[in-house]
Amino acid sequence: MTGDERSDELNERLQAVEQRVAAACAAAGRDRGDVTLVVVTKYFPSADLERLHSLGVRDVGENKHQEAAAKLEELPTPVRADLRAHFIGQLQSNKAAAVAAYADVVQSVDRSKIAHALDRGAERHDRTVDVTLQVDLGGDDEARGGVRPDGLAALAEDVAGCPRLTLRGLMAVAPLGADPRAAFDRLAELSERLCADHPEATWISAGMSGDLEDAVAAGATHLRVGSAILGSRPALR
Ligand SMILES: *Cc1c(COP(=O)(O)O)cnc(C)c1O
């Protein structure tokens with residue numbers, strides 16, 4: 001898969017994003033090694049996941065169950081085994097158990113019903129799944145989901161009580177039209193509060209193609225970057 005035109009294009013964009021991440025870490029006095037780049041491959045074919053794997057990518061993000069399951073299934077076994085699959089999309093409870101069959105991380109858990117369905121699915125497939133809680137940081141785009149900050153502590157307790165789930169931390173999307181830095185600072189505060197009760201739950205997943213610098217500055221441990229690496233999504237062209 002290496003050496004074709006698309007690989008060259010992905011490589012260039014990946015390097016450009018790497019430079020942005022490195023510069024943001026340097027500016028914030030943070031270690032590059034403390035930030036995981038999750039490359040969001042939604043809408044792009046499994047051949048691109050293979051190319052990205054050849055380029056050194058080990059964490060990929062998908063937001064739709066059927067698409068994610070099909071693409072991961074298509075990958076050669078050693079490539080699949082070498083990738084960490086992050087599910088980052090809205091989940092319906094009737095799909096959650098199926099997502100637990102393949103997702104290594106589910107970042108978008110925002111209610112107990114989803115957590116329990118994931119836990120049952122993980123049990124059925126004899127796996128464990130890492131979980132971050134998606135927080136709603138306000139704004140009007142409620143379609144994006146997320147638990148309100150005042151519901152966070154109770155949801156964290158529920159997830160911590162699920163034997164097949166490992167509570168890792170928080171995830172959020174900056175609200176449309178808001179200052180992303182302020183939103184991510186708020187997320188960092190919520191993370192600090194969560195860690196008081198769950199000291200291992202240190203992940204902060206924040207930052208996308210347009211605002212990854214703000215996320216790194218605010219302490220993000222995971223970035224979810226799609227279009228800056230893959231290009232404009234076909235559906236949005
Ligand atoms: C698509 C998506 C991303 C990546 O967004 P880009 O702007 O393409 O980098 C990140 N997080 C979530 C939840 C997404 O759905």
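In the predicted model, R6, S7 and L10 of helix α1 meet D48, R51 and L52 of helix α2. By class, this contact of α1 with α2 comprises 2 nonpolar, 1 polar and 3 charged residues. Helix α1 spans residues 5-28, and helix α2 spans residues 46-54. The two helices pack at an angle of about 60 degrees. Their axes lie 10 Å apart. Because angles of 65 to 115 degrees count as roughly perpendicular and those under 35 degrees as roughly parallel, α1 is classed as oblique to α2. The crossing of α1 past α2 is right-handed.

The largest pocket has a volume of about 480 Å³. Its lining consists of 17 residues. Of these, K42, N63, I88, R144 and V173 are the closest to the pocket centre. The lining of the largest pocket divides by class into 5 nonpolar, 7 polar and 5 charged residues.

The second largest pocket holds about 160 Å³ of space. Helix α1 and strand β1 (36-40) each supply at least two residues of its lining. The largest share, 3 residues, comes from β1. The residues lining the second largest pocket include L14 and E18, as well as T36, L37 and V39. R32 and V35 also line this pocket. By class, the lining of the second largest pocket has 6 nonpolar, 2 polar and 4 charged residues.

Across the whole structure, 1 cavity of 30 Å³ or more was found. The largest cavity has a volume of about 80 Å³. It is lined by 10 residues, of which D136, L137, R144, G145 and V173 are the closest to its centre. The lining of the largest cavity comprises 4 nonpolar, 3 polar and 3 charged residues.

How values were computed. Residues are numbered from 1 along each chain as its sequence is written. This is a predicted model: local features need pLDDT of at least 70, side-chain atom pairs count only at pLDDT 80 or more; totals for chains, interfaces and linings use all residues. Side-chain values use heavy atoms; hydrogens and water are left out. Axes are lines fitted to C-alpha atoms, for helices over the stretch in contact, and angles run from 0 to 180 degrees between N-to-C directions. Helices (H or I, at least four residues) and strands (E, at least two) are DSSP runs, numbered from the N terminus. Angles under 35 degrees count as roughly parallel, over 145 as roughly antiparallel, 65 to 115 as roughly perpendicular and the rest as oblique. A crossing is left-handed if the near helix is turned anticlockwise from the far one by less than a right angle, and right-handed if clockwise. Contact means heavy atoms within 4.5 Å. Ala, Val, Leu, Ile, Met, Phe, Trp, Tyr, Cys and Pro count as nonpolar, Asp, Glu, Lys and Arg as charged, and the others, Gly among them, as polar. On a 1 Å grid over the protein atoms alone, a cavity is a set of points where a 1.4 Å probe fits but cannot get out, and a pocket is an open set with protein on both sides within 12 Å along at least five of seven lines; lining residues have an atom within 4 Å of a point. Grid points are joined across faces, edges and corners, and a volume is the space filled by probe spheres set on the points.
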